[in-house]
Amino acid sequence: MTLHKQAFSLFSTSLLLLVAPHLQAAPSEAQWQAFSKAAVSDHIIPRYQTLNSSSAQLSLAVKQLCQQPDAASLANSQQQFHRTMTAWQGIQHVQFGPVQTLMRNFSLQFWPDKKNLGAKQLNVLLSAEDSNSLSAERFRTASIAVKGLPALERLLFAKDALSQYQTHPFRCQLTTTVADYVAGMGHDIVQEWQLYQQEFQQIDGNGYYDDTTEAVTDLLKALVEPVEVVRDMKILRPLGKSAERTKPRRSESWRSERSIDNMVANLEALHELYRTGGDNSPYNLLKLQGASDQAEQIELSFSRIIAQLKAIPMPLYQAVKDPQQYKQLQVISGELKAQTTALEGAMGPLEIQLGFNSRDGD
Amino acid sequence: MTGINRRQLLAALGAGLLLPVIGVQAASPLRFASASQDSQKQHWLVLFDEQGNSLLRHPLPGRAHHVAAHPTQPWLMAVARRPDRFIELVNHQTGQPVKRINSGPDRHFYGHAVFSADGRWLVATENHIPSGKGRVVIRDCQQDFAIVADHPSYGIGPHELAWLSDQRTLVVANGGIKTDPNQGRAKLNLDSMQPSLAYIDSQSGALLEQAQLPDTLHQCSIRHIDVNAQDQVAIALQYQGELVDEVPLIALHQRGQAVQPLHLPDATRQQMKQYCGSARFDRSGAFFAISAPRGNLITFWQRDGQFIDSIKVRDGCGLAATDQPGAFLISSGNGRCYHYNLRTRRKTKLPQIGMQPQAWDNHMVHVTA
């Protein structure tokens with residue numbers, strides 16, 4: 001090694017020492033602020049807008065169905081249900097802000113319904129055929145199990161739905177009431193976010209969040225925690241204790257055969273959030289902390305899991321009974337578990353504490 | 001207060017200049033202790049003061065839960081969280097270890113233990129693993145913590161315990177949830193759990209009274225309690241059923257009466273996510289606070305059961321009385337501590353304790369000795 005090269009290498013070593021601490025310091029206040037603003041304006045609000053417009057369309061479609069109950073109008077309502085459910089699954093990971101008010105998150109989708117409340121409460125309403133029970137005032141106090149998308153699914157995807165709608169006008173009234181209620185929630189959430197977004201845009205200690213880190217923590221919880229929920233609730237519950245003891249009807253939205261679509265929508269939303277904010281996305285901030293391998297691994301896992309889910313060639317309630325697909329679902333479950341570990345591990349370099357007593361208390 | 005903290009303010013004004021004006025003795029800052037976890041997942045027992053000074057940082061062999069100060073010796077104690085098996089005692093003046101109690105192979109601790117007021121006894125809740133039954137075990141602080149009594153807790157999963165004012169009766173929160181260390185922290189009996197509040201004579205081990213919630217609320221685990229001078233027991237519940245169920249999360253009890261579930265506004269109750277983390281009376285015993293870390297809320301109550309107010313504290317769980325009536329110190333899982341005073345309704349953030357933020361564990365105590 002020449003003297004020149006030695007000097008250069010010494011210089012570069014000391015340069016590294018100077019630079020390294022900066023490289024590994026936590027993301028700056030400005031970077032987190034940028035992510036926080038982008039997450040709201042580019043991810044959360046557009047997705048609530050989609051929920052708002054699709055639920056408005058669904059409400060319209062149900063009114064047409066009731067005016068003229070035929071195969072075409074039922075199919076249209078079912079299609080609008082699918083669009084609305086996809087929209088909801090695409091923003092379900094956000095469990096803070098206006099969606100929490102009045103338990104809207106549970107009202108939109110009460111699931112899992114372990115005590116079968118949806119069926120029971122729906123039957124109470126249907127058998128009473130009391131139009132008064134559908135007044136805005138009365139319906140507001142109805143069970144949350146009948147106020148949202150699972151109730152609409154039961155009504156619209158019943159095997160004899162068309163003949164029921166043709167012969168039972170009350171069933172139509174009830175469907176309209178629920179669809180309107182869902183659309184009302186979609187509308188109100190968007191409206192309230194217009195104001196609520198201030199909480200993320202102006203964090204000065206006087207609002208809901210004490211500082212930017214608190215706001216970012218909520219956003220990153222929305223990124224990390226749903227992965228485990230998808231695995232535990234949406235895959236492991238229907239898989240049951242063994243291949244001989246599967247629980248197909250524990251699949252989410254099995255009546256509309258969209259259990260897997262729901263999970264794809266969930267993971268695509270999380271994947272988008274991971275990349276929201278451009279240079280200040282969690283993905284990029286992780287790379288800036290010197291954790292490029294972690295950042296890329298998480299990125300690839302999202303894509304791979306989504307592809308694996310899409311490759312399942314049958315509805316989930318059938319797939320759990322198919323030996324080959326059962327194994328494949330176990331593989332996906334393992335991938336989701338690894339993704340949870342990777343995302344939680346990523347909070348280290350990002351210096352975000354997702355929750356200590358709230359997540360693992362006693 | 002922005003830009004300048006209290007310590008800086010005092011330094012700037014000059015403590016000698018300020019004190020004669022308000023006419024008080026140079027009071028030393030209040031001290032508190034809590035278990036914590038740092039960013040490397042190491043667990044610590046920490047003694048700190050309200051000015052942000054870390055006075056003791058003692059490494060723990062695992063995650064701890066409750067922390068207490070011995071009434072006469074300069075000892076701090078940290079109790080292992082279930083299903084761990086240690087109680088760590090350390091001299092907070094010298095930093096020297098005093099004792100590490102091991103529960104033995106057939107037992108584990110549940111995170112809570114108390115000293116008797118005279119400092120002689122150390123009482124802990126334990127699980128007898130082979131039977132799954134709760135135990136209340138008394139050790140002698142003067143005989144190297146030898147076990148002198150091993151009473152039943154009259155329930156499964158005993159959690160927090162406290163002395164009544166007679167200094168003889170113990171009140172034990174039997175959480176009702178069966179766990180087995182061989183199955184980690186999994187809850188094994190949610191369908192049949194029967195939580196209770198057991199009043200036990202510490203000398204004979206006899207059950208003096210057992211209070212329960214109505215059967216319909218059997219999934220409300222009675223976990224954290226505190227007692228005031230009138231022997232009222234403030235109860236922080238954790239509901240194991242559905243998030244949407246409308247159940248009480250806070251209750252009061254007094255011997256000879258039924259458990260009194262307390263009412264709080266719907267929106268507040270829903271926000272608490274069926275989970276309370278800690279219960280503490282203030283210095284006067286006229287007020288108590290209940291933390292709800294999953295809801296990022298601390299609620300405040302009068303001793304008659306009247307709800308006063310709630311404040312937001314992110315991942316806030318640890319609560320301690322201070323030297324003032326109506327005042328509490330609150331700690332959080334994201335490393336913060338706050339003063340809250342019910343009279344002024346002001347929440348004040350303490351300076352960061354130590355060099356780097358640490359996650360404060362469930363419970364905190366005001367250290368007076």
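**Figure 1. Burial and overall form of chain B.** Of the 369 residues of chain B, 58% are buried. Buried means under 20% relative accessible area, exposed means over 50%, and partly exposed lies in between (1.4 Å probe, protein chains only). The model is predicted: local features need pLDDT of at least 70, side-chain atom pairs count only at pLDDT 80 or more, and totals for chains, interfaces and linings use all residues. Residues are numbered from 1 along each chain as its sequence is written, chains are lettered from A and ligands numbered from 1 in the order in which they are written, and side-chain values use heavy atoms, with hydrogens and water left out.

Chain B holds 3 helices and 28 strands. Helices (H or I, at least four residues) and strands (E, at least two) are DSSP runs, numbered from the N terminus. The C-alpha trace of chain B spans about 60 × 50 × 40 Å along its principal axes.

Figure 2. Among contacts in chain B with a separation of 6 or more, 49% join residues 24 or more positions apart. Contact means heavy atoms within 4.5 Å. The accessible surface of chain B is about 14700 Å², and 49% of that belongs to carbon and sulfur atoms. Accessible areas come from the Shrake-Rupley method with a 1.4 Å probe; for residues, only the protein chains shown count as cover. Chain B carries 36 positive and 30 negative side chains, with the centres of the two sets 6 Å apart. Lys and Arg count as positive, Asp and Glu as negative; His and the chain ends are not counted. Each charge is placed at NZ of Lys, CZ of Arg, CG of Asp or CD of Glu.

**Figure 3. Ser331(B) in its strand.** Ser331(B) sits in strand E25 (residues 327-332) of chain B. At 0% relative accessibility, Ser331(B) is buried. Leaving out residues up to four places away in sequence, Ser331(B) touches Asp315(B), Gly316(B), Cys317(B), Gly318(B), Arg336(B), Cys337(B), Trp360(B), Asp361(B) and Met364(B). Pro29(B) is 302 residues from Ser331(B) along the chain, and their C-alpha atoms are separated by 17 Å.

**Figure 4. Backbone features in loops of chain B.** Most residues other than glycine have a negative phi, and most peptide bonds are trans. Tyr154(B) has a positive phi, near 65°. This residue lies in the loop between strand E11 (146-152) and strand E12 (158-163). Tyr154(B) is partly exposed, at 29% relative accessibility. Arg345(B) also has a positive phi, near 55°. Its loop runs between strand E26 (337-341) and strand E27 (346-349). Arg345(B) is partly exposed, with a relative accessible area of 42%. The peptide bond from Arg82(B) to Pro83(B) is cis, with omega near 0°. Pro83(B) lies in the loop between strand E5 (75-80) and strand E6 (86-91).

Figure 5. Chain A has 16 helices and 0 strands. Its C-alpha atoms fill a box of roughly 95 × 55 × 45 Å along the principal axes. Of its 362 residues, 51% are buried. Domain 1 covers 29-201 and domain 2 covers 212-350; these bounds come from an automatic or database domain assignment. The C-alpha centres of domain 1 and domain 2 of chain A lie 24 Å apart. Their contact takes 31 residues from domain 1 and 35 residues from domain 2. Chain A exposes about 16500 Å², with 53% supplied by carbon and sulfur atoms. The mean positions of its 34 positive and 37 negative charges are 9 Å apart.

**Figure 6. Helix H7 of chain A and its surroundings.** H7 (residues 149-156) has 7 of its 8 residues buried, so this helix is largely enclosed by the rest of the structure. The buried residues are Leu149(A), Pro150(A), Ala151(A), Leu152(A), Glu153(A), Leu155(A) and Leu156(A). They pack against helix H2 (29-67), helix H3 (71-89), H4, H5, helix H8 (161-167) and helix H9 (169-196) of chain A.

**Figure 7. The cis peptide bond at Pro112(A).** A cis peptide bond joins Trp111(A) and Pro112(A), with omega about 0°. Pro112(A) lies in the loop between helix H4 (104-108) and helix H5 (117-128) of chain A.
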